[in-house]
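Here is a friendly walk through a two-chain model. Have a look at the structure first, and then we can go through a sheet and an interface together.

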Amino acid sequence: MRKKAQLQIMENVFMLLIVFVILAIALVFVMMMQKAAQKDKLEEYKELDMIKKSQILSFLPEMQCSDNNNLDPDCFDIYKIDVFTEHLKKDKLYYPNLLGNIKIEIIEFDPSPEIPDDKRIMRTWLVYDNPKPDVKGEKNLQFPVLLKDVVENNNHFGVIKLGVYE
Amino acid sequence: MRKAQTEIMGIVVIVIILVIGMFFMIGQRLKPRESSKGSFIDPKLAQSFLNSLMNTKTAQNVIVSDILKDCYSNRRDLCGNKKDCCLYAEETMRTALEFTLGSQDRAYRLTVSKKGSAELIPEISKNWEACQENEQPGFYYIPPPPPIVVKLEICK
């Protein structure tokens with residue numbers, strides 16, 4: 001009688017042990033999934049940050065072409081770019097706070113067939129570059145823009161490159 | 001059925017439920033995540049490209065939209081005597097597309113059409129056949145009516 005009771009207790013203990021092992025495995029699995037989900041979220045936040053930065057870029061009236069105070073988001077005035085680039089070199093407070101750790105580069109490109117391939121890049125402006133002290137990488141975006149020379153009344157094709165430091 | 005067998009059945013049921021749960025979670029995890037970057041930035045890209053390129057002055061001192069207009073007219077004298085304006089426009093658009101979208105490995109398709117007119121500029125595309133889903137296309141209309149329609153589609 002006593003032996004049978006002991007056996008039954010042992011049986012219950014083993015049952016509980018098995019259930020705990022299964023639950024522990026499930027818990028580890030769920031934690032691993034949570035960690036992966038957090039990594040995904042972090043990636044998404046980084047992408048959203050990049051979108052935010054690109055939106056700032058689209059609404060920088062400092063460089064955009066204006067005609068009777070009507071701003072054109074797809075057009076940048078090359079004289080404004082020159083002045084703004086110079087201004088950004090001196091400004092250490094407002095724009096670093098607004099733009100953060102990014103790099104803005106504008107490239108003038110001539111797609112005309114008579115231009116040789118190695119001479120297509122006509123001009124490059126490094127408008128702003130503020131890397132983090134410990135740069136881990138850089139995410140890049142590219143937007144086609146029109147570069148307007150209001151003095152010569154000339155329109156050039158260009159690309160604005162936005163690099164977000166990670 | 002003996003008691004031990006019933007207990008084993010109980011454990012099997014628990015294990016089955018846990019395995020189903022794990023498969024469900026793995027399934028959720030393996031679903032491809034839609035990039036926020038793609039959904040927020042790209043709708044603008046095709047339109048920005050067309051707005052910029054069509055107003056660009058080429059080495060012939062004429063903007064691209066005027067070259068296209070000339071291509072669809074009977075004059076065809078804007079690109080100099082030696083060059084065909086349709087070919088000139090095609091080469092210009094192809095080079096610009098390659099520099100912007102091609103360098104980023106994006107698949108694209110650009111078409112130029114005019115109602116009641118033959119296709120004078122062939123479709124310019126890159127890896128378009130493999131594209132499953134495309135972004136919001138960009139349109140540029142060049143008057144007079146019926147307008148010349150330039151359409152750019154970019155793959156997601």
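In which sense do strand E1 (residues 108–114) of chain B and E2(B) pair, and over how many bridges? The two strands pair in the antiparallel sense, over 3 bridges. Bear in mind as you read that this is a predicted model.

## The sheet in chain B

E1(B) and E2(B) belong to an open sheet of 4 strands, ordered E2-E1-E4-E3, with antiparallel pairing. At the edges sit strand E2 (124–126) and strand E3 (138–142) of chain B, each of which pairs on one side only. On average, neighbouring strands are turned by 15 degrees against each other, direction ignored.

## A helix across the strands

Helix H3 (residues 64–71) of chain B lies across E1, E3 and strand E4 (148–154) of that chain. Relative to E3(B), the helix runs at about 60 degrees.

## Where chains A and B meet

The contact draws 43 residues from chain A and 39 residues from chain B. Between the two chains, about 3,800 Å² is buried, with carbon and sulfur atoms giving 67% of that area. A:Pro113, A:Gln142 and A:Phe157 supply 14% of the area that chain A buries against chain B, more than any other three residues.

Definitions and conventions. Residues are numbered from 1 along each chain as its sequence is written. Chains are lettered from A and ligands numbered from 1 in the order in which they are written. This is a predicted model: local features need pLDDT of at least 70, side-chain atom pairs count only at pLDDT 80 or more; totals for chains, interfaces and linings use all residues. Side-chain values use heavy atoms; hydrogens and water are left out. Two strands pair if DSSP finds at least two bridges between them. Axes are lines fitted to C-alpha atoms, for helices over the stretch in contact, and angles run from 0 to 180 degrees between N-to-C directions. Contact means heavy atoms within 4.5 Å. Buried area is the accessible area (1.4 Å probe) that two parts lose on being put together, summed over both.
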